[in-house]
Amino acid sequence: FKDADENSSILKDYISKRNDELVKQAEERLFNCNKQLTIEHVCQRMLPFIVFYDLFSSTTPFNPLKLLPEHLRDAVFIHYNIARIAHIKGVYDNLEKPSTKVDISFLDSEVEWLLICQLVNFEKVFEEAFISPLSNLNNDIPKNLQIHKILQFLVKLVKLFSKYYSSTKIVTYDIKETLIVRMNTRMLLVNAVYNVLVFSLKDVFGVPLVLNI
């Protein structure tokens, strides 16, 4: 923030408005919580990433007086899908599985291939965002970092995953071997999506995760 001391009231107002918007959205439709304390706790953990998203999701300068609703929507949706996958992983891990076999040929739907292609692109996007700017010591590193590319990548990834989740039965309780193998294979894809999301938010951006919503 430029001239943060002089504009502290503006920044405080920005944080307060973003938090109020998040709490309102949580109360209306996002979280199945009965206790206000639970909602407040979840929102407090989400807020750092929403601020981060506001700051870095665009190449245009950040304006705390102009809040974009799509920033809040996209940032929350990323968190929501991390929590959704964490739940799927927990269900899967608690199942008794007679086989641990996988068969990549089961990943044959269009959305599965779109997810795979998106995941394959992560290394390239990460290099464009961080590695290339950092490798040239003559560059103005803070200005040349392309963080918005990672954020755009993550939004596309979670939109694809949400489509996949809506159209595909990932976890099965049937003990038939072919169904178990298909489930194990699909979980490889789900875990890959989860690992990229967690790595990006936790290890790269350094923001808290929300694993239960």
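A word on the model before you click: it is predicted, so local features need pLDDT of at least 70 and side-chain atom pairs count only at pLDDT 80 or more, while totals for chains, interfaces and linings use all residues. Residues are numbered from 1 along each chain as its sequence is written, and side-chain values use heavy atoms, with hydrogens and water left out.

Start with the cartoon view. You'll find 8 helices and 0 strands (DSSP runs numbered from the N terminus: H or I of at least four residues for helices, E of at least two for strands). Of the 213 residues, 42% are buried, meaning under 20% relative accessible area with a 1.4 Å probe, protein chains only.

Ile-180 is buried, with a relative accessible area of 3%. Leaving aside neighbours within four places in sequence, Ile-180 is in contact (heavy atoms within 4.5 Å) with Pro-98, Ser-99, Asp-174 and Ile-175.

Stay in helix H8 and pick Asn-184. Is Asn-184 buried or exposed? Buried, with a relative accessible area of 3%. Show its side chain and look for the backbone oxygen of Ser-99, which the Asn-184 side chain reaches at 2.9 Å. Not counting residues up to four places away in sequence, Asn-184 also touches others, including Tyr-92, Thr-100 and Val-102.

Note on methods: Buried means under 20% relative accessible area, exposed over 50%, partly exposed in between (1.4 Å probe, protein chains only). A polar contact is a pair of N or O atoms within 3.5 Å; within protein, one must be able to donate a hydrogen and the other to accept it, and residues adjacent in sequence count only if both atoms are side-chain atoms.
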